[in-house]
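Colleague: Could you walk me through this one before I set anything up? Please start with the backbone.
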Amino acid sequence: MIQSQEKTDRVLIRIKDLTVEKADEVVWVRGRIHTSRAKGKQCFLVLRQQQFNVQALVAVGQHASKQMVKFAANINKESIVDVEGVVRKAYQKIGGCTQQDVELHVQRIYVISLAEPRLPLQLDDAVRPEVEGEEDGRATVNQDTRLDNRVIDLRTSTSQAVFRLQAGICQLFRETLIHKGFVEIQTPKIISAASEGGANVFTVSYFKSSAYLAQSPQLYKQMCICADFEKVFCIGPVFRAEDSNTHRHLTEFVGLDMEMAFNYHYHEVVDEIADTLVQIFKGLQERFQSEIQTVNKQFPCEPFKFLEPTLRLEYCEAVAMLREAGVEMGDEEDLSTPNEKLLGRLVKEKYDTDFYILDKYPLAVRPFYTMPDPVNPKNSNSYDMFMRGEEILSGAQRIHDPQLLTERAQHHGIDLEKIKAYIDSFRFGAPPHAGGGIGLERVTMLYLGLHNVRQTSMFPRDPKRLTP
């Protein structure tokens, strides 16, 4: 194993750049040993670098001895090696490799970092579709094993694709909002009172007193609106002390949050949020087709569909659709998870879209700071957005009048002393405003049609998992 190296003019070529244009060139490549197979006087290696791989041939001849072939065949899987070789055009396409038109004829090989011989999971098993594993009786890897050995699991082509696409969502969110004139802000995550006046908060020791981990950046987004920033967004961790062991809940996730002052109607904000998400969906289609296809190989899914402009239904229309489908529910009853999913299927059948907005929620099921509907006091100026029948954003026009805010807090039985700083922030002139928060992991999961949010959280935190 190489502990240190002298400076060299050697240039390492990326595996993804090994194409027929480089045929007959001598190159240096660094990669992991994905597989090795000895056959007589030669050894076939597959070198992997992130989601790309290439076949490498070590054969007895002018540049390789029998000992070198034996040495190469015995290098442990997942070891990192530097290889010098000649790029050769393949006589036929090499299946199982991303670089199908070329192979590398190895002249020298150095082990940079030797992996242990026994791996906690096999990468080929980790990318095998479950259906294929069941039909053929071949091994697949369960979720707990993946998460317990996340460093290995993240090396799979599927995981690489998922998290590169997720990074793209963040990039597109930021690009789109900056283009729309939003200012990115950073908000504190250690706070003195529960963000939303609720009980689902983590308490932390703070010198001689206690503090809380932020459930939401909402207070600080609103303070920035009161400070005349007009349009703000932030990307950061959100903490929820909810003992929810479901496929879509985490105790820590990444929030994509935005807040915006409006001129005449809160739908100005709704339209802006919806367009931001549409721009993200378009950007993913244009920039990340390779990643989408890689994930689909293991987890087949229909392409994500959306409309322009985005479909917007009022809550009463959704209730009517559910009742027509046989669901019994009251006018002011919140949507249960099964009803959310059923509504998603009904909307897809009727409108052929996986993305839609539900507007005018009953005031009774929304937080105290939600602005009541001026026309129907039983309703509110609030909205949720859905992907494939699951909520990915909850938002509303916020009450910006301190007197009304106080009355609504009292109606909800909230201790006014605990939210005094929040109410006080509106006493010196606050423009009408609205916003919302999006869960990054949930958007990634639903866009790709995956079935568990832990697949789209790099190191997930839930009530039962605090490591790695």
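Modeller: In the hairpin of strand 9 and strand 10, with two residues between the strands, Phe-207 has a positive phi near 55°. Helices (H or I, at least four residues) and strands (E, at least two) are DSSP runs numbered from the N terminus. This is a predicted model, in which local features need pLDDT of at least 70 and side-chain atom pairs count only at pLDDT 80 or more, while totals for chains, interfaces and linings use all residues. Residues are numbered from 1 along each chain as its sequence is written, and side-chain values use heavy atoms, with hydrogens and water left out.

Colleague: How many bridges join strand 9 and strand 10?
Modeller: Strand 9 (residues 203–206) and strand 10 (residues 209–213) are antiparallel and pair over four bridges, pairing being counted if DSSP finds at least two bridges between two strands. Thr-203 is opposite Tyr-212 of strand 10.

Colleague: Where is the residue Gln-50, with its positive phi?
Modeller: Gln-50, whose phi is near 55°, sits in the loop between strand 3 and strand 4. Most residues other than glycine have a negative phi, and most peptide bonds are trans.

Colleague: Which peptide bonds are cis, then?
Modeller: The bond from Glu-308 to Pro-309 is cis, with omega near -5°, and Pro-309 belongs to the loop between helix 9 and strand 13 (311–314). The bond from Thr-467 to Pro-468 is also cis, with omega near -5°, and Pro-468 is in the segment after helix 14 (440–448).

Colleague: Changing topic, what is the strand order in the eight-stranded sheet?
Modeller: The eight strands make an open sheet of mixed pairing, in the order 7-11-12-17-16-15-14-13. Strand 7 (183–184) and strand 13 are at the edges with a single partner strand each, so one side of each has no neighbour in the sheet. Within the sheet, strand 12 (residues 252–261) pairs with strand 17 (residues 433–439) in the antiparallel sense over seven bridges, and Asp-257 stands opposite Gly-437 of strand 17.

Colleague: And which strands does helix 8 touch?
Modeller: Helix 8 packs on the sheet and touches strand 11, strand 12, strand 13, strand 14 (355–359), strand 15 (382–387), strand 16 (390–397) and strand 17, where touching means heavy atoms within 4.5 Å. The direction of helix 8 makes about 15° with that of strand 15, with axes being lines fitted to C-alpha atoms, for helices over the stretch in contact, and angles running from 0 to 180 degrees between N-to-C directions.

Colleague: How do helix 8 and helix 9 cross?
Modeller: The axes of helix 8 (residues 267–287) and helix 9 (residues 289–298) come within 5 Å and cross at roughly 85°, and the two helices are therefore roughly perpendicular (65 to 115 degrees). Leu-284, Gln-285 and Arg-287 of helix 8 meet Gln-289, Glu-291 and Ile-292 of helix 9.

Colleague: Which element gives the most to the lining of the second largest pocket?
Modeller: Helix 9 gives the most, with six residues. The lining has 32 residues, with Asn-53, Gly-96, Thr-98, Ser-157 and Lys-297 nearest the centre of the pocket; on a 1 Å grid over the protein atoms alone, a pocket is an open set of points where a 1.4 Å probe fits, with protein on both sides within 12 Å along at least five of seven lines, and lining residues have an atom within 4 Å of a point.

Key:
Parallel < 35°, antiparallel > 145°, perpendicular 65-115°, else oblique.
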